[in-house]
Amino acid sequence: MHLRILAGLLLVLARPLAAQTAEQLLTQAREAFENLDFEGAARLYTRVLDVSTGAAEAQRDTAQLYLGVSYEFAGQRTDAVSAFRTFVRSNPCAPTPDQFGASVTAAFVEARGSVFAGGVCAIRSQRLARGDAATFRVAVTHRAMVRAVLQDSAGRTMADLGEQPAAGISEIRWSQLPDPAAFGTAPVRYSLLVRARAQQGTEVAEGIVPILMHAPPADTVAHPLEPPDSAIRPERRPTGPIAADIAKGLGVGAAAAIASAALAHGSLKGESGKGLAVGTAISFGGLVSFMVGNGRRDLPENRAYNLQLRERWTAARDSVAAVNLERLGRRPLVIEPAEPR
Amino acid sequence: MRTFSVLLLLVLLARPAAGQVTLQAHAGLADRRLSDQGGIERQQGLIIGGSLGVRTPRSQASIGLDGGQLRAKTGATPDTDYGRLTAEATIQLAPWVGFAAGIVVQAYGSPLGTQRWILPRVGLDLNFPFTGLPGRAYLSGSALLGPSGSGVAVPTAGTAVRGGAELGSRVAVVFAEYRLERLGFPSSLSRDEQRGEVLVGAPGPAVTPGLSTNRLTSCTVVSDDSPSRRPRAETLHRPAS
């Protein structure tokens with residue numbers, strides 16, 4: 001049980017310890033290098049490159065370069081060229097290390113001449129307007145045909161940037177950029193894959209770098225609100241008040257007729273006919289008012305007002321939509337380097 | 001007499017300081033019936049009249065004059081000349097109801113003599129404006145309080161009702177109205193009397209002093225239910241009695 005716990009702890013601590021070891025080894029190697037102990041430095045740089053140290057890519061590149069330099073200063077040209085060859089394969093864009101003197105430069109040039117390597121150089125951040133072209137730098141150690149493609153995270157080819165001859169460090173232009181409208185504000189990860197085919201011979205080399213693409217948000221204008229129902233005027237009069245005219249006429253007419261009969265002296269009478277006649281006329285008046293009013297329910301002035309209101313809103317909406325479309329269309333496409341996974 | 005004075009004062013006070021002056025002309029058929037120990041007498045005839053009024057949105061006052069000859073319709077009944085002077089004021093309690101008070105002085109003249117009655121009255125006017133056309137239906141009821149006058153028989157009380165409708169257009173307005181006035185007499189006289197009238201007429205132009213002349217028409221405009229557009233109870237001028 002104790003052994004298992006110990007093993008678990010070792011596993012957990014293994015990587016930090018290894019990283020620390022690589023850093024420590026690099027420090028020791030640098031001290032040996034500065035003390036002109038080039039053989040000792042070469043041994044230490046070789047240890048850094050051991051997979052078990054878990055050195056990072058940048059640490060490995062440093063170790064690989066200084067290993068070649070240490071060998072050269074130690075008088076071991078063959079080992080130096082071999083070390084530089086390995087370095088060039090993974091860093092085709094690296095410049096010649098002239099700072100170490102002519103012998104190192106000569107060894108480096110020899111190494112570069114004896115290996116076919118190619119790849120993408122460091123990606124520069126680019127903010128591209130509509131019509132611009134993106135550029136990527138590629139490097140090959142010998143004349144070659146270089147093809148660059150853009151792949152999505154699933155490895156599908158999203159764009160073929162074409163094939164072109166290259167020698168040394170060249171620039172690849174990507175002029176058929178995707179529409180920025182297709183991109184959100186969140187960066188999307190792609191991979192730029194470069195395949196180099198030597199013009200002489202059958203050697204091929206490949207390099208791949210991750211990139212991020214996104215389109216920053218546009219400063220768009222808010223759409224005007226649709227006129228609320230409360231702002232829309234009724235285009236027809238409601239039926240209710242007009243229909244009530246019938247009730248008013250009938251009610252008052254009936255009241256007049258009833259009053260003529262009820263209030264007259266019992267012995268005199270004689271009023272029912274007149275009351276009924278006028279009551280009927282009153283009712284008829286209510287009916288006429290209803291019929292005329294029902295035929296005049298349309299409110300053309302309100303209809304014209306509503307039409308104008310809607311047209312004004314539609315014009316404002318279309319104007320805002322046009323402005324937004326123009327602003328969205330002017331969004332730049334941003335290409336940035338991405339951290340390798 | 002005291003009641004008369006009070007009502008007259010009310011009429012005068014109700015006269016608006018500034019308002020529309022209205023005119024109205026009408027004609028109609030009056031049918032007077034009375035019964036006493038001698039049987040039923042009936043007189044009927046054409047009457048014409050008119051009124052002059054002043055009105056504001058909250059009140060109106062008017063004075064009217066009617067007259068005509070009532071021909072006898074029963075035997076042993078004389079023809080009678082009929083005249084009536086009316087003064088009345090109305091205060092609108094609400095757009096659809098108003099309190100009315102006034103006085104009616106009416107006279108019947110025949111070869112046998114002349115009867116003059118003074119009939120103070122109070123009552124309520126109900127208005128029902130139409131929506132489809134300029135116009136309204138209206139109904140009013142009045143109590144005749146403390147009548148006084150000359151003649152053999154003076155009424156002690158009475159009631160009056162009136163119902164009608166005004167209807168018109170921007171060009172002209174007409175109205176038809178039915179009135180019934182019933183009078184009560186001391187029981188010792190064993191007398192009943194009533195007068196029914198059917199009137200038709202037309203209001204004249206309303207004149208705002210110092211301003212333009214307007215036809216006495218208006219139409220209730222209803223566009224929707226929002227408070228700002230609720231129908232306003234604008235009504236035609238009510239024919240004065």
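The model is predicted, with local features requiring pLDDT of at least 70 and side-chain atom pairs pLDDT 80 or more, whereas totals for chains, interfaces and linings use all residues. Residues are numbered from 1 along each chain as its sequence is written, and side-chain values use heavy atoms, without hydrogens and water.

In chain B, the side chains of B:E166 and B:R136 form a salt bridge of 3.2 Å, N to O. B:E166 belongs to strand 9 and B:R136 to strand 7 (residues 135-144) of chain B, so the pair connects parts 30 residues apart in sequence; strands are DSSP runs (E, at least two residues), numbered from the N terminus. B:E166 is buried at 0% relative accessibility, and B:R136 is buried at 1%. Here buried means under 20% relative accessible area, exposed over 50%, and partly exposed in between (1.4 Å probe, protein chains only).

Strand 9 (residues 157-168) of chain B also holds B:R162, and strand 6 (residues 113-129) holds B:D125. The closest N and O atoms of this salt-bridged pair, B:D125 and B:R162, are 4.0 Å apart. B:D125 is buried, with 3% relative accessibility, as is B:R162, with 4%.

In chain A, A:R236 and A:D298 form a salt bridge of 2.7 Å, N to O. A:R236 is partly exposed at 40% relative accessibility, and A:D298 is partly exposed at 40%. Salt bridges with shared partners join A:E235, A:R236, A:D298, A:R303 and A:R310 into one network.

Key
Chains are lettered from A and ligands numbered from 1 in the order in which they are written. Helices (H or I, at least four residues) and strands (E, at least two) are DSSP runs, numbered from the N terminus.
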